[in-house]
Amino acid sequence: MAYKDKKQALYAVVSRRLTALEKGGDRGELANIRRYGFDGKAYENYPDELGKPIEGSWETKAIDTAITLYAKTARGNNTQVRGKNSLGKACKMLNSQSALGYLRSAENAYSFKDTVYYLNRLLDMLRTQKNAGSLDYGQLACDLYDMRTPEGKKRVFRRWSMDYYYFTTEKNTQQKENN
């Protein structure tokens, strides 16, 4: 199976489940996901591209973590928490040295569990800030899946760092086109 197909399937699983959670509006369901870090309904229509869901596999870790982080961010939040931003762009919108520190700590974490801990802290900051951008949780699941190898983790954090530092405006883009 092609790596790209696998990532598209991960994206689809997470996006489909979050859409169902947003439409369903079951606060108890979100609370259970936050508490247990697992959402069994995400696996009801599991795509063939991912094979059978195996507990502890990188695919299930990425799906469960992305959905759990969404549930934690959506807690008590009346604003839209799901959007198109990468984690780097969302952190840039926070305009906080603490956000940058958590991003660096997540990058330097030794284990996946530690990385998720720091990402959770970042998302707590996003949840409390009204000016912070909304996050693409499907892409977050793909990024978490990429972290299964040291090279993949470097690639993900490099992209997030570029999104953080090289945030362009529409005005800059128009100036480049005119030159």
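Tyrosine 165 is partly exposed, at 45% relative accessibility (partly exposed lies between buried, under 20% relative accessible area, and exposed, over 50%, with a 1.4 Å probe and protein chains only). The model is a predicted one, where local features need pLDDT of at least 70 and side-chain atom pairs count only at pLDDT 80 or more, while totals for chains, interfaces and linings use all residues. Residues are numbered from 1 along each chain as its sequence is written, and side-chain values use heavy atoms, with hydrogens and water left out.

**Around tyrosine 165**

- Tyrosine 165 pairs edge-to-face with tyrosine 164, at 5.0 Å centre to centre and 80 degrees between the planes (ring centres of Phe, Tyr and the six-membered ring of Trp within 6.5 Å make a pair; planes under 30 degrees apart are stacked, over 60 edge-to-face, the rest tilted).
- Methionine 162 belongs to helix α8 and is partly exposed at 46%.

**Other aromatic pairs**

- The structure holds seven aromatic pairs.
- Phenylalanine 157 and tryptophan 160 form an edge-to-face pair, because their ring centres are 5.0 Å apart and their planes at 75 degrees.
- These two, phenylalanine 157 and tryptophan 160, sit three residues apart in helix α8, so about one helical turn separates them.
- Both phenylalanine 157 and tryptophan 160 are buried.
- Phe38, Tyr43 and Tyr46 are linked into a cluster by ring pairs.

**Nonpolar core**

- The largest nonpolar core has 48 residues, and Ile63, Leu87, Tyr137 and Trp160 have the most contacts inside it (a core is a set of buried Ala, Val, Leu, Ile, Met, Phe, Trp, Tyr and Cys residues joined through side-chain atoms within 4.5 Å).
- Helix α3 gives the most to this core, with eight residues.
- Beyond its neighbours within four places in sequence, tyrosine 137 is in contact with residues including Val14, Leu69, Val81 and Leu123 (contact means heavy atoms within 4.5 Å).

**Serine 86**

- Serine 86 lies in the loop between β1 (82–85) and α4, and is buried at 13% relative accessibility.
- Leaving aside neighbours within four places in sequence, serine 86 is in contact with Leu135, Trp160 and Asp163.

**Overall picture**

- The protein has nine helices and one strand (DSSP runs numbered from the N terminus: helices are H or I of at least four residues, strands E of at least two).
- Of the 179 residues, 44% are buried.
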